[in-house]
Each structure stands twice: as structure tokens, then as C-alpha cells.
Amino acid sequence: MKSSFVRRLRFIALRLLLLFFGISIIWVVILRFLPVWVTPYMLSRKIEAFKEDKDTELFHDWESYENISKEAALAVVASEDQNFPKHWGFDFDQIYNAVTEKRKRARGASTISQQVAKNVFLWHGRSYFRKGLEVYFTVLIELIWDKERILEVYLNVAEMGEMTFGVEAASLRYYNKSAKKLTRYEAARIAAVLPNPIRFSIRNPSNYVNKRTGQIVRQMKYLGGQKYLDNL
């Protein structure tokens, strides 16, 4: 009786696991082609704002990769993940450095691919279970999407100002122009706030943001400019 019950539980668990794999793969395939209009993180930010009795309006305008300045694409790569064109979703050198460096505040080692997996498919939080799912979805998007698509989605879903998601929304809101017309310095300033877009401001940059902007501009030049992204 007991062994029969255990076998039934295993059968149900296996079916649920296969169902999860099937749905997640189909989901990733669909988003290989369709715009990502909303993410779990956008919804969670809206809920947080409602709970705190703040304005719940989200600013988000999807734009294709072709309609976004390549300076913006280069800026986020220079700022967040310089090995993005070369790795397969995980930058193990950066992970090793993050683990072994002795710093008062641990620095992140998430690649752009990992951030896309987290923002598009998961919730924000700290747990081994969520991290495991992040690894799984990172592998999936690296297998099913190409690098240009991963970067396109990142440029459209990353929070780049309070309740402001994507470079097009940030450009319209803070520079009053389309992301296609961003200059190198403007793109670098947007990238400079990415570590904490709620704390740091594009419109009223702190000394840290100004300093970080200059560093990103120099890194963009060091990488060779827009041609660094030619073979994505």
C-alpha cells in the first residue's frame, strides 16, 4: 500500500516536472519573437508602489534593436558585462573574482543573460531555488535566442529609473527624445544608474553617477566602439 502511494507520488512529480520543462521551453521560444510587454518584476514594482501609497504608473516603451542607438547597447555591455559577446551565459572569471575578493560589500557577477532570465521569467529575491531557476532559464535563452535578442530584451526590460523600464522609456522621460538618438555620453549616464536605478538619478546625477558615466565612456572607447557588437 505504502509503496504504491510512493510510486504514484513519483509519477505525479515526474509529470509535473515534464510539464514545467515543456511550458518553460515553449515560453522561451515564443519570447524569442514577441515583444516582452510586461515582466514579473514590473508587476512587483507596481504592487510595491501601491502598498507604499506611491504613484503606480509604469513607464515602458518597447523598441526593436534596430531602433535603439548602438551607443546604448554598447554602454550597458561596457557597464554590466564586457564579456557578453563571448560567454555562454555565465562569466566564470567574474564569478570567481566576486567570490574570492575581500570586500565589505560583495559585488555582483551576473551577466546580461542572467539578468534577462531573472527579470523576464522570475521574481527578485535571494534563495537557492530562485537562483537555480535563474541558471536554468539562462541556459535556455542562450540556447534558443541569439545574443542580439538577449541584448534587445535587456535594453527593453531593465529598470533604468524609478518605475521606468527600458532604454526607450528612459530616453523619452529623461532626455525627451527616442533611444535611437542617444549620444554616447547620454547612453553612458543611463547605464551608470543600473546598479540601483531607484537610488541613482539620470535627471539629477550624483557625483558617483557622473564619475561612473565617465568611466563607462572610457570603457566604451577601450572596447573599440560600436563595432564591438557587430558580430552578436
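The chain is built from 10 helices and 3 strands, where helices (H or I, at least four residues) and strands (E, at least two) are DSSP runs numbered from the N terminus. This is a predicted model, in which local features need pLDDT of at least 70 and side-chain atom pairs count only at pLDDT 80 or more, while totals for chains, interfaces and linings use all residues. Residues are numbered from 1 along each chain as its sequence is written, and side-chain values use heavy atoms, with hydrogens and water left out. Followed along the sequence, the elements come in the order α-α-β-α-α-α-α-α-β-β-α-α-α.

Along the principal axes, the C-alpha atoms fill a box of roughly 70 × 40 × 40 Å. Of the contacts in the chain with a separation of 6 or more, 70% are between residues 24 or more positions apart, contact meaning heavy atoms within 4.5 Å.

The surface and the interior can be taken in turn. The chain exposes about 13600 Å², of which carbon and sulfur atoms supply 57%, with areas computed by the Shrake-Rupley method with a 1.4 Å probe and, for residues, only the protein chains shown counting as cover. Buried residues make up 44% of the 232 residues, where buried means under 20% relative accessible area, exposed over 50%, and partly exposed in between (1.4 Å probe, protein chains only).

In soluble globular proteins, nonpolar side chains tend to be buried together. Here the largest nonpolar core has 59 residues, and those with the most contacts inside it are Val-76, Ile-112, Val-116, Phe-121, Trp-145, Leu-151 and Val-167; such a core is a set of buried Ala, Val, Leu, Ile, Met, Phe, Trp, Tyr and Cys residues joined through side-chain atoms within 4.5 Å. Among the elements that give two or more residues to this core are helix 3 (70–80), helix 5 (112–121), helix 6 (128–144) and helix 10 (207–222), and the largest share, 7 residues, comes from helix 3. Leaving out residues up to four places away in sequence, Phe-121 touches Trp-27, Val-28, Leu-31, Pro-40, Val-116, Phe-137, Ile-141 and Trp-145.

Helix 9 is mostly covered, with 7 of its 9 residues buried, including Glu-186, Arg-189 and Ile-190. The cover over its buried residues includes helix 3, strand 2 (159–161), helix 8 and helix 10.

Helix 8 also holds Ser-171, which is buried with a relative accessible area of 0%. Apart from its neighbours within four places in sequence, Ser-171 is in contact with Asn-176, Lys-177, Ser-178, Ala-179 and Leu-182. Asn-176 itself sits in the loop between helix 8 and helix 9, and is exposed, with a relative accessible area of 67%.

Most residues other than glycine have a negative phi, and most peptide bonds are trans. Asn-176, although not a glycine, has a positive phi of about 55°. Met-163, also not a glycine, has a positive phi of about 65° and lies in the loop between strand 2 and strand 3 (164–165). Whereas Asn-176 is exposed, Met-163 is buried, with a relative accessible area of 5%.
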